[in-house]
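Subject: A structure for you to look through

Hi there,

Here is the structure I promised to pass on to you. Have a look at it first, and then read my notes below.

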Amino acid sequence: GRKPWKILGIGEEFPDEVPLRAEEITIPADVTPERVPTHIVDYSGNTHLICESTANVICIVYSVNNKKSIEKVSLPSVRTNNKQIKKNIPVISAQEVLSSSIHSFIFPLFPQCSAKNLKNISELFYYAQKAVLHPTGPLYCPEEKELKPSCIKALTRIFKVSDLDNDGILNDNELNFFQRTCFNTPLAPQALEDVKNVVRRNMTDGVKDNGLTLKGFLFLHTLFIQRGRHETTWTVLRRFGYDDDLELTQEYLFPMIKIPPDCTTELNHNAYLFLQSVFDKHDKDRDCALSPDEVKDLFKVFPYMPWGPDVNNTVCTNDQGWITYQGYLSQWTLTTYLDVQRSLEYLGYLGYSIIYEQESQAAAMTVTRNKRIDLQKKQTQRSVFRCNVLGARGSGKSGFLQAFLGRNLQRQRQIREDHKSFYAISTTYVYGQEKYLLLHEVIPDFDFLSEADLACDVVCLVYDVNNPRSFEYCAKVYKQYFIDSKTPCVVIAAKSDLHEVRQHYSLSPHEFCRKHKLHPKDIYTRLTTMAMYPHMAQADLKNSTFWLRASVGATVFAVLGFAMYRALLKQR
Ligand SMILES: Nc1nc2c(ncn2[C@@H]2O[C@H](COP(=O)(O)OP(=O)(O)OP(=O)(O)O)[C@@H](O)[C@H]2O)c(=O)[nH]1
Ligand SMILES: [Ca+2]
Ligand SMILES: [Ca+2]
Ligand SMILES: [Mg+2]
Ligand SMILES: [Mg+2]
C-alpha cells in the first residue's frame, strides 16, 4: 500500500551529449527489493533543478577516480545550492554504498557492490530505497555515535516484552522466540553463540548468565546501525508496532472491532492466560499480590501509568491494600467491559498479539451475543454482569460496593476522598460457575439519569433505614425508570445496624416489596444470578423486585468477609 516514490539522480555524466533532464524511468514494484514502485529522474549535474523536485531520496553519483566530480556534487554544495531541499530528504552517495557493505553475522549479507563502475546498479537503488524506508535519522545520532533516546525507549520496551520471565536477561529460548517473531527464522545455535561473543568482546556486562542483558541488546542494535544494517532494527521496531516516528501505530493499538448494540465485551480465555503470565512474571515474591514496585515494573512498557489509586478501591486487595491476582484480573475485566478500546491499547503495550502470535490485539476479545437473544433463549455465555446501584445521597451505596470487596466500615473510612471509586468488581459463583459482578454506583441526580446510568443487567435500589427521606428516592426511581423495564430490581435496606425509622413515603418499604418474598443467602451471588437469568426473576417475582436488609457492621464483617450482609425478609 505504499505510494510510489521518486529517486533523483544528480551527477557528472560521461556521455558527451546528455539531455538536461532525462525522461523518468519507473521500476515496477515487483522487481525492486522493497516492493515499492520507483521513479528515477536523472538530473545530470544540474543541481538547481532539484528545487522543483518532490524526491524522496537523492542519489549522488560520481566517479571515484575523478576528484572534480566528487567536489562538484559533494553534499555541502548540493545543500548550499539548493536551500529548498527538504531537510528530511535522505541523500546517499556511491561512497556510502561501498562503506555499507561490511561483513555481518546474523542476517543475510548484501552482495558486494562496485561503486567504481556501478555494475550492480540495483544495489544503489536498494540503498536509495532503504534510506527512505528505513531512515537512520530517528534511530541514531551519528555525531554522538549512539542510539537516540526515543529509540532506546522503544528497544527497552521490546526487550522487556521479550524477557518472558522478567529476569533482565534474554536467554536462548527468549532470543530464539524474539528472532522467530521478528525474522520468521530460528537462530542456529552457533549464530546465537556468535552474537553473544560479539557482545562479550565489546563490553563486560552485555552478556550475563549466558544471556543478553538490556545493555547488550542495545549494543547489538547500535552495531547493526553502525554497519549499515539499520533495516534490521527497523524490522524489530515495526514488528513490535512502531511507526517511522517510533510511536506505536494506531492499527497496532486500536485494531478495528465491531460492537453491535446490546452486546458487551469480555476477554477470552487466551487473553486471561496471557494476563496471568504477565502477572506471574511481575509477582517476584510470589505473594499473589502486586506491591507498588511490582505494579510500577509491570507498567514500565506503558507510556504512562494507566492505573490510579482508585483501582485499589475498585478491586480486591490484600491486607496491605495491594491488588491481588484476583483483583488484577477483575480490573482488566472491568476495563474491557467499560472501554474496550482502552483494553486493546493496554494489551498492545504488553505485546499480547506478538507474544501470543495473534493477528491483532482484537483477538483477545469476545463480543457477546445480543442481550435480547440471551433473554429469548433464556441462557447466556456471558461472564460479566453489571449491576447499577442507585440511592439517595448518603444512603450507603459506596458502603455496599466496598463491602463486596470485603471491606468493613472501619476500613472504608480510611479511603481518601480522591481515591474513591464508583465501581467495584469481583467474582461470585453462580451454580458453580465463576462470574464477574460489576457494581456501579450511580451519582444520585434524579433528573439526570442517563441511558448509561440505566443500562445494566440488574439494579440495586439502596435506602438508609436510619434516614426517613431515603426510601422515597428508591420508590421514585423505580416507578419512573424501571417499573416497565425488563431489568430486574432489588431494594436494599442499608445500615440495618442502625435504628430503623419510619420512611416518609405512602408505602413502607415492606409494603412496596411485599409480594416478593425472597431469602437470598448471599446478596452478591443473588445479584449475579438475577443478572444472568432475568427471566427467572421475572417468573419468581411479578415486579422483579425484592427487599433486602443489609448490615455493614464492622464486627459482622470480621468473620466471613462480605457475608455480613444479612438478607432478611421482614414479615409482618
Ligand atoms: N452504621 C452504618 N453506617 C454506614 C453503613 N454504610 C454506610 N455508612 C455510613 O454512611 C455514610 C454514607 O455512606 P456511603 O456509603 O458513603 O453512602 P453513599 O450512598 O455512597 O453516599 P454518596 O456517594 O454521597 O451519595 C458514611 O459515613 C458511611 O460510613 C452501615 O451499614 N452502617
Ligand atoms: Ca529472561
Ligand atoms: Ca508480589
Ligand atoms: Mg544521465
Ligand atoms: Mg458514594
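**What I found**

The protein chain has 24 helices and 20 strands; helices (H or I, at least four residues) and strands (E, at least two) are DSSP runs, numbered from the N terminus. This is a predicted model, in which local features need pLDDT of at least 70 and side-chain atom pairs count only at pLDDT 80 or more, while totals for chains, interfaces and linings use all residues. Residues are numbered from 1 along each chain as its sequence is written, chains are lettered from A and ligands numbered from 1 in the order in which they are written, and side-chain values use heavy atoms, with hydrogens and water left out.

**Confidence and overall picture**

The pLDDT is the predictor's confidence in each residue, from 0 to 100. Its average over the protein chain is 78, and 70% of the residues score at least 70. Residues 94-118 have a pLDDT below 50, and this stretch makes 52 contacts in the model beyond near neighbours in sequence. The pLDDT is also below 50 over residues 516-521, a stretch with 17 contacts beyond near neighbours in sequence. Contact here means heavy atoms within 4.5 Å. The model's scores are ipTM 0.96 and pTM 0.78.

Of the 572 residues of the protein chain, 54% count as buried. Buried means under 20% relative accessible area, exposed means over 50%, and partly exposed is in between (1.4 Å probe, protein chains only). Among contacts in the protein chain with a separation of 6 or more, 70% are between residues 24 or more positions apart.

How do helix 5 and helix 8 cross? The axes of helix 5 (residues 149-162) and helix 8 (residues 214-226) come within 10 Å and cross at roughly 125°. That angle makes helix 5 oblique to helix 8. Axes are lines fitted to C-alpha atoms, for helices over the stretch in contact, and angles run from 0 to 180 degrees between N-to-C directions. Angles under 35 degrees count as roughly parallel, over 145 as roughly antiparallel, 65 to 115 as roughly perpendicular and the rest as oblique. The crossing of helix 5 and helix 8 is right-handed; a crossing is right-handed if the near helix is turned clockwise from the far one by less than a right angle, and left-handed if anticlockwise. On the helix 5 side, Ile152, Leu155, Thr156, Ile158 and Phe159 meet Leu214, Phe217, Leu218 and His221 of helix 8. By class, this contact of helix 5 with helix 8 has 7 nonpolar, 2 polar and no charged residues. Here Ala, Val, Leu, Ile, Met, Phe, Trp, Tyr, Cys and Pro count as nonpolar, Asp, Glu, Lys and Arg as charged, and the others, Gly among them, as polar.

Now for helix 11 and helix 13 (residues 325-338): their axes come within 11 Å and cross at roughly 135°. Helix 11 and helix 13 are therefore oblique to each other, and the crossing is right-handed. Tyr272, Leu275, Gln276, Val278 and Phe279 in helix 11 meet Tyr325, Tyr328, Leu329, Trp332 and Thr333 in helix 13. The residues of this contact of helix 11 with helix 13 are 8 nonpolar, 2 polar and no charged.

**Some residues to look up**

His282 lies in helix 11 (residues 269-282) and counts as buried, at 4% relative accessibility. Leaving out residues up to four places away in sequence, His282 touches Asn166, Leu290, Glu294, Asp297 and Leu298.

Asn166 sits in the loop between helix 5 and strand 8 (169-170), and at 7% relative accessibility Asn166 is buried. Although Asn166 is not a glycine, it has a positive phi of about 55°. Most residues other than glycine have a negative phi.

Thr335 is in helix 13 and is buried, with a relative accessible area of 10%. Beyond residues up to four places away in sequence, Thr335 touches Val340, Arg342, Ser343 and Tyr346.

Trp307 belongs to the loop between helix 12 (292-298) and strand 13 (323-324). Its contacts, apart from neighbours within four places in sequence, are Phe299, Ile323, Tyr328, Gln331, Trp332 and Tyr346.

Finally, 7 of the 8 residues of helix 17 (residues 397-404) are buried, so helix 17 is largely enclosed by the rest of the structure.

Enjoy exploring!
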